[in-house]
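Have the structure open beside you as you read.

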Amino acid sequence: MTPIQIGLLSIVLILVLLFLRMPVAYVMLVVGMSGFALIRNPAAMFSISTQTIYNTFASYSLLVIPMFVWMGYIAYYSGISTRIYDATYKVMGSLKAGLALATIGACAAFGAICGSTTATAATMSSVALPEMKKYNYDRSLSTATIAAAAILGVMIPPSVIFILYGISAQESIRKLFVAGIFPGLLLMGLFMLAAYIQAVRNPDLAPAGPQVPWKEKISALLSEGFEVVFIFITVMGGLFAGIFTPTEAGAFGVFATLLVALFRRQLSWLGFVKSLGDSVRISAMIMFLVAAATVYGRFLAITGLPGGLAQWAVSLPLPSVAIMIIILLIYLILGCFIDALALVLLTVPIFYPVAIELGYDPIWFGVIIVLALGMGVI
């Protein structure tokens with residue numbers, strides 16, 4: 001078998017093992033190591049694998065991941081997420097589908113200080129779902145609103161998915177963060193429009209909530225909204241201004257979130273310890289995924305498959321837009337079965353060279369990939 005054939009066989013093998021519900025990181029690591037040993041030799045395989053795994057966990061640039069993860073958990077355990085929802089509920093709750101609109105807005109605001117789809121979905125489910133039940137919202141609309149709006153957590157920076165894409169593709173994380181702001185806000189607006197149209201067509205799906213005086217709305221925005229603005233400006237402002245690196249931005253974000261939590265006096269010692277434990281567990285999972293995906297990526301590199309696939313895609317009698325549509329459909333299908341973190345690490349080494357060969361901007365492609373991963377997550 002040629003190296004390219006071995007590379008194609010490895011992709012098929014990975015998909016089969018994933019459909020059998022094998023752990024993603026172990027699958028990529030074992031297949032990558034086995035393929036490396038088959039093409040080169042076992043000694044080279046052990047040498048490359050151990051170096052790659054060590055370098056991943058010792059990487060300074062990857063420190064940004066546990067920082068942003070911890071920032072999100074501090075926000076959760078200190079009640080910032082609940083206050084964000086309360087503020088958006090007071091502002092939009094009296095409108096048609098007001099609670100759904102408030103949930104979408106809260107997901108966007110929490111995403112601006114969290115960066116994780118899973119954390120946003122879990123948090124808003126516990127906060128918003130009981131409120132929508134209380135006001136007799138349709139259960140399907142309620143759960144669909146949270147599931148869809150949770151992906152705003154990876155579109156609006158800081159975003160763990162953007163970070164992993166930037167590391168995998170060797171692109172600027174700062175530029176990716178900037179590029180994700182407008183699409184994230186646009187997506188938030190479209191989600192709100194969809195929920196509003198549903199309520200207009202069938203008012204029983206989403207009854208309007210009680211009226212809140214304008215004075216109380218403004219007070220909620222100034223008191224609760226200030227927290228999000230302060231944290232977001234601390235992280236993104238310094239990053240965009242070039243004052244600090246993405247890793248330093250994560251550390252400043254943790255510091256800013258801790259300041260808000262201490263100022264509010266709502267982060268208990270138990271909550272602080274839990275935030276550390278959850279952050280360590282999630283960060284270790286992500287880091288091991290990155291290490292395994294890097295080993296597999298190095299195996300794909302020696303097979304020549306990414307470059308060969310790019311050349312083959314360019315030679316097809318199809319416009320570049322049609323090839324991009326095919327890539328998006330692949331993400332939509334695979335996203336139904338594979339976690340977003342694993343999927344971006346698994347597919348970027350394959351599709352990134354194709355996009356570059358077709359002449360697409362790598363930053364734009366990163367935003368498209370994150371959006372496609374969001375579709376798969378839903």
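This is a predicted model: local features need pLDDT of at least 70, side-chain atom pairs count only at pLDDT 80 or more; totals for chains, interfaces and linings use all residues.

**Two helix pairs**

Two packed helices are described by the angle between their axes and the distance between the axes. The table gives both values for each pair.

| Helix pair | Angle between axes | Distance between axes |
|---|---|---|
| α10 (residues 160-169) and α11 (residues 173-201) | about 140° | 9 Å |
| α3 (residues 42-57) and α14 (residues 269-303) | about 140° | 9 Å |

Let's take α10 and α11 to begin with. The crossing of α10 past α11 is right-handed. On the α10 side, the contact is made by Phe162, Ile163, Tyr165, Gly166 and Ile167, which meet Ile173, Leu176, Phe177 and Gly180 of α11. Sorted by class, this contact holds seven nonpolar and two polar residues, with no charged ones.

Now for α3 and α14. Their axes make an angle of about 140°, and that makes α3 oblique to α14. Here, too, the crossing is right-handed, with α3 passing α14. From α3, the residues in contact are Ile48, Ser49, Thr52, Ile53, Thr56 and Phe57, and they touch Met287, Phe288, Val290, Ala291, Thr294, Val295 and Arg298 in α14. The classes in this contact come to eight nonpolar, four polar and one charged residues.

Side chains of opposite charge can pair when their charged atoms come close. Which residue forms a salt bridge with Asp278? The partner is Arg281, and the closest N and O atoms of the two are 2.9 Å apart. The count of salt bridges in the model comes to one. Both residues belong to helix α14, where three residues, or about one turn of the helix, separate them.

Arg281, with 52%, is exposed.

**Leu276 and Trp70**

Leu276 is also a residue of α14. Its relative accessibility is 34%, which means that Leu276 counts as partly exposed. If you look for its neighbour Trp70, you will find the two C-alpha atoms separated by 6.8 Å, although Leu276 and Trp70 are 206 residues apart along the chain.

Definitions and conventions: Residues are numbered from 1 along each chain as its sequence is written. Side-chain values use heavy atoms; hydrogens and water are left out. Axes are lines fitted to C-alpha atoms, for helices over the stretch in contact, and angles run from 0 to 180 degrees between N-to-C directions. Helices (H or I, at least four residues) and strands (E, at least two) are DSSP runs, numbered from the N terminus. A crossing is left-handed if the near helix is turned anticlockwise from the far one by less than a right angle, and right-handed if clockwise. Contact means heavy atoms within 4.5 Å. Ala, Val, Leu, Ile, Met, Phe, Trp, Tyr, Cys and Pro count as nonpolar, Asp, Glu, Lys and Arg as charged, and the others, Gly among them, as polar. Buried means under 20% relative accessible area, exposed over 50%, partly exposed in between (1.4 Å probe, protein chains only). A salt bridge is a side-chain nitrogen of Lys or Arg within 4 Å of a carboxyl oxygen of Asp or Glu. Angles under 35 degrees count as roughly parallel, over 145 as roughly antiparallel, 65 to 115 as roughly perpendicular and the rest as oblique.
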